[in-house]
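Please examine the structure shown below alongside the explanation that follows it. The paragraphs move from the whole chain to selected elements.

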Amino acid sequence: MAESWATLGVDLHLEPTGTAGLRRGLTDALRDAVRTGRLAPGTRLPSSRSLAADLGIARNTVADAYADLVAEGWLTARQGSGTRVAERAVARPAGTAPRRRAPQRPVHNLIPGTPDLAAFPRAEWLRAARRALTAAPSEALGYGDPRGRPELRAALAGYLARARGVRADPEAVVICSGITHALRILATVLHHRGAGTVFVESYGLVQHRTLLTEAGCVTRPLPYDARGTDTGGLTDATAAADAGAVLLTPAHQFPMGTVLHRDRRAAAVDWARRTGGLVLEDDYDGEFRYDRQPVGALQGLDPDHVVYLGTASKSLAPGLRLGWMVLPPALVEECAAAKGHTDVCGVLDQLTLAEFLTSGAYDRQVRSARLRYRRRRDALVAAVAARPPEAPRIEVTGIAAGLHAVLRLPPGTERTVVQAAVWQGLALHGLSAFRHEHATTEPLDAVVVGYGTPAEHAWAGALRALCRALP
């Protein structure tokens, strides 16, 4: 009776060599694979018939090699369980340096940018995936339109118009894997258009600035004050002469948390109209508003000059790798062509998100998350306010929206607090980590506390550790 596939074991890459015959060469090759750790202890080897067929040699040669290695203690053979690599310590290959002990991982992660992954709606997502896959036409599994699946582009156009005030035509929506992917696409287009400068905010993500720099653009920081980023700097003729775009987080400045003043919103759009430049609007956590009415997207003021960027990273999970751009019509073909070289968006997840949006599951998830994060934010504010009266005053700002808060510290204490956080088992960033190296805005001592990442049961412990790290 032929052996079943379940008993054939693993595939092996072996090259029996030597002049002493095939049996000796095979025995040496197997012994070397076990000794060096290529075959881990407990690994089940192929049957003698299967390995003989793979190597094109006689079955008895393999059986004899196995028997030799069993006698030497390298392999074990038991009736019914096949031939396996013996459990034993594997010697480190000569010349290999000892492995360094990995640094101790933080107990709590308070770095902003990630939601509570334990709260991902697995059951709802699975149901949506089944419905989407069942309804999907066969052609959906092909290469398709580089802009993304039409089902998702249509669902996003409707949702963004309703929830964020975006003027979106499905034909102008391009699916990407997140904000970073979107910026990489846009940087490619800007470079091809000869744009030498991209204005950015004084505080923001270093990764975004680095990406633009690597694409050949110079990033120039705009001043920042209580009314948000000062877009008046865009009107400076010398500064804006070769500017192709300005990157803003107008609804909730990252990381400071302010809303861009309406006059400055208008100034950014006026600059784009006058110069033919682009406003790149990063609406990274547009759904999470707590103490005020939602601030509409800047894109609604001028869809022909504003690129709207959004993502499911905060509302669902960054691991989905799903984001979107709502583009001016004149940019769609260029961006779709640029995306074609870096397309990493899975079709099945696109179809699932489309179903998630149209079924109402996305709205339910956002409302549930909004309540959960608001409770965490309130607990953070209360814990800081409850510090002893003699403790230095710490102001909690940027808390009307989003998944993080800024704790403004006494002058000269930021580095000390970040170091103390390490000793408390916290991953925590100081505000200086987000500051542009050429920013002219007066530096502030502060830490940026992301309250979205810890699991629900861990938030209280993270909060106590944070308070112990504060001056």
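The chain carries 56 positive and 47 negative side chains, and the centres of the two sets lie 7 Å apart. In this count Lys and Arg are positive and Asp and Glu negative, while His and the chain ends are not counted; the place of a charge is NZ of Lys, CZ of Arg, CG of Asp or CD of Glu. The model is a predicted one, in which local features need pLDDT of at least 70 and side-chain atom pairs count only at pLDDT 80 or more, whereas totals for chains, interfaces and linings use all residues. Residues are numbered from 1 along each chain as its sequence is written, and side-chain values use heavy atoms, with hydrogens and water left out.

The chain contains 14 helices and 17 strands; these are DSSP runs numbered from the N terminus, with helices being H or I of at least four residues and strands E of at least two. The radius of gyration is 29 Å, well over the 23 Å that the globule rule gives for 471 residues, so the chain is more spread out than a compact globule. The radius is taken over C-alpha atoms, and the rule is 2.2 Å times the number of residues to the power 0.38. Along its principal axes the C-alpha trace spans about 85 × 60 × 45 Å.

Of the 471 residues, 50% are buried, where buried means under 20% relative accessible area, exposed over 50%, and partly exposed in between, with a 1.4 Å probe and protein chains only. The chain exposes about 22,800 Å², of which carbon and sulfur atoms supply 53%; the areas come from the Shrake-Rupley method with a 1.4 Å probe, and for residues only the protein chains shown count as cover. Among contacts with a separation of 6 or more, 74% are between residues 24 or more positions apart, a contact being heavy atoms within 4.5 Å.

An open sheet of four strands has the order β13-β14-β17-β16, with antiparallel pairing. Its edge strands, β13 (395-397) and β16 (429-430), each pair on one side only. Two strands are taken to pair if DSSP finds at least two bridges between them. Strands of a sheet pair through backbone hydrogen bonds, either parallel or antiparallel.

Within this sheet, β14 (residues 404-408) and β17 (residues 446-450) are joined by five bridges. V406 is bridged to V448 of β17, and R408 to A446. β16 and β17 pair over two bridges, and G430 has V447 as its bridge partner. Five of the five residues of β17 are buried, so this strand is largely enclosed by the rest of the structure. A446, V448 and G450 are buried on one side of β17, and V447 and V449 on the other.

Attention now turns to a helix. In α2 (residues 48-55) lies S50, which is buried with a relative accessible area of 14%. S48, L51 and A52 of α2 are also buried, and the cover of the buried residues of α2 includes α3 (59-72). G56 follows α2 and has a positive phi, near 70 degrees. S50 and T235 are 185 residues apart in sequence and 75 Å apart in space, C-alpha to C-alpha.

S177 lies between β4 (173-176) and α6 (179-192) and counts as buried at 4% relative accessibility. Leaving aside residues up to four places away in sequence, S177 touches R321, L322, G323, V344 and C345.
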